[in-house]
Amino acid sequence: MTPADSAQTPAAAPQAKAPPAAFGKGFVTDAWYFVALSRDVAPGSLRRQELMGEPVLIGRTNGGQVFALRDICPHRAAPLSAGRVVQKPGEGETVECPYHGWRFRPDGACAAIPSLVEDQAFETDRIRVRAYPVRESQGLVFVWMASDPRNPAEPDHEPPVFPGVVGGGAKLVEWMDFDSHIDHAVVGLMDPAHGPYVHQQWWWRSEHSMHEKAKAFAPVEHGWAMVRHAPSSNSRAYRILGGAPATEITFRLPGYRWEHIQVGEKQVLALTCLTPITETKTRITQIFWSDHWVFGLAKPFLRMGVVAFLKQDGGMVNLQNEGLRYDPALIWIDDADKQAKWYQQLKREWMRSRAEGRAFVNPIQPTTLRWKS
């Protein structure tokens, strides 16, 4: 683990300095966002995904290529995701619009307009649908959201690689849409002090079992980590793993939080992906991998716990929205809210570095934080 990191310098020419991003507004761009599990994008399938307020088609050809296009036909604005994947002689596999049959290749180029007759001169290949860079990694599909979607540069870094993707496919997947901007979702996700109040269960912890915590933190690529440590004694759920579990919790821009647990030679990875649907809606996807026996025997119990956590967090988001409607000033304290402050620093530095055409410099320094929970 290094004390600082930097990304490659963006290829685009420097632009005017970006203003600081207001909390709860705007998105981190020039970044990879999780959109689906690979296993959920079947060959020949088309699925609609709203991402940062934009309609995005996620598809896979019958030959296995994953692609992403703006989900609007430029002819009459019908969603291309309502169409189908077809293969015509000389065209390869294309997406056929359900309205008039216009066909588009996975790179967005128009391959055919069926209504044209032979002597009508029309440069079909000059028509394009916006294509988004897409990657498959570790069984996950990521889409690159550029700062300039009409003239995007090639991605200058790859999606994150997560430790602990073991035991074959994901063992447990749950998701929920929160009525929240991604900034509030990130802060809630990394908040260490709400557990005894929002997540009160006999198998987790209660308000009456609050302990003082002291955890070491360090910068990592595009984020920070709570360095590997033994779980707190009042976190009962870890006990079912047996042995002496050691855990490391990491956050990375634009919205990934993962907990990597090691119990001897066995591993558990709990990954949470935050996907901004709109300014006021964020999808929370929780994915678990493990080669530990407990996931074979206790999976129904674990699923119930994950669903309970999501519902409790979702309920608190709805309560919080009652106050946020009045745009109040928020008071954040050290050390319990320090991670929320780090997230804002990271977001501002990311946006400024991209606008200025320079390398990203992680502003976080190694430190120890203390709080009660």
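Predicted model: local features only at pLDDT ≥ 70, side-chain atom pairs only at ≥ 80, totals over all residues.
Which residue in β8 does Phe-104 stand opposite? Phe-104 stands opposite Cys-110 in β8, and this contact belongs to the pairing of strand β7 (residues 103–104) with β8, which is antiparallel and runs over two bridges.

**The open sheet**

- Four strands, placed in the order β5-β6-β7-β8, make up an open sheet in which the pairing is antiparallel.
- The edges of this sheet are held by β5 (84–88) and β8 (110–112), and because each has a single partner strand, one side of each is left without a neighbour in the sheet.
- As a general point, the strands of a sheet pair through backbone hydrogen bonds, and they may do so in a parallel or an antiparallel way.

**Strand β17 and its partners**

- Strand β17 (residues 281–290) has eight of its ten residues buried, so the strand is largely enclosed by the rest of the structure.
- One partner of β17 is strand β16 (residues 266–278), to which it is joined in the antiparallel sense by ten bridges, and the two strands form a hairpin with two residues between them.
- Within the pairing of these strands, Leu-269 stands opposite Trp-289 in β17.
- β11 also pairs with β17, again in the antiparallel sense, over seven bridges, and here Trp-175 has Thr-285 of β17 as its bridge partner.

**Cavities**

- Rolling a probe the size of a water molecule over the atoms is a way to show where empty space is left.
- In the structure as a whole, the search finds three cavities of 30 Å³ or more, and the largest cavity holds about 60 Å³ of space.
- The residues that line the largest cavity include Val-28, Asp-30, Ala-31, Trp-32, His-157, His-222, Arg-252 and Trp-350, together with Leu-253 and Pro-254.
- Sorted by class, this lining consists of eight nonpolar, two polar and two charged residues.

**Aromatic rings**

- A pair of aromatic rings is described by the distance of the centres and the angle of the planes.
- The count of aromatic pairs in the model comes to eleven.
- Phe-162 and Trp-258 form one of these pairs, which is edge-to-face, with 4.9 Å from centre to centre and 75° between the planes.
- This pair links distant parts of the chain, for Phe-162 lies in the loop between β10 (140–145) and β11 (172–178) while Trp-258 lies in strand β15 (residues 256–263), 96 residues apart; both Phe-162 and Trp-258 are buried.
- In the pair of Trp-224 and Trp-342, the ring centres are 5.5 Å apart and the planes stand at 65°, so this pair is edge-to-face.
- Trp-224 in strand β13 (residues 223–229) and Trp-342 in helix α5 (residues 338–356) are 118 residues apart, and their pair links distant parts of the chain; Trp-224 and Trp-342 are both buried.
- Ring pairs also link Trp-224 and Trp-342 into a cluster with Phe-217, Phe-251, Tyr-343 and Trp-371.

**Backbone details**

- Most residues other than glycine have a negative phi, and most peptide bonds are trans.
- The peptide bond that joins Leu-253 and Pro-254 is cis, with omega at about 0°, and Pro-254 has its place in the loop between β14 (246–252) and β15.
- Another cis peptide bond runs from Asp-334 to Asp-335, with omega near 5°, and Asp-335 is found in the loop between α4 (299–324) and α5.
- Asp-30, in the segment before β1 (31–37), has a positive phi near 55° although it is a residue other than glycine.
- With a relative accessible area of 9%, Asp-30 is buried, and it is also among the residues that line the largest cavity.
- Met-52, which is not a glycine, likewise has a positive phi of about 55°; its place is in the loop between β2 (46–51) and β3 (54–60), and at 17% relative accessibility Met-52 counts as buried.

**A buried loop residue**

- Ile-127 has its place in the loop between β8 and β9 (134–137), and with a relative accessible area of 16% Ile-127 is buried.
- Ile-127 and Ala-112 are 15 residues apart along the chain, and their C-alpha atoms are separated by 9.8 Å.

Notes: Residues numbered from 1 in each chain as written. Heavy atoms only, no water. 1 Å grid on protein atoms, 1.4 Å probe; cavity = no way out; pocket = protein on both sides within 12 Å on 5 of 7 lines; lining within 4 Å. Points joined across faces, edges and corners; volume = space filled by probe spheres on them. Nonpolar A, V, L, I, M, F, W, Y, C, P; charged D, E, K, R; others polar. Pairing = 2+ DSSP bridges. Phe/Tyr/Trp six-rings, centres within 6.5 Å; stacked < 30°, edge-to-face > 60°. Buried < 20%, exposed > 50% of the residue type's maximum accessible area, 1.4 Å probe, protein only.
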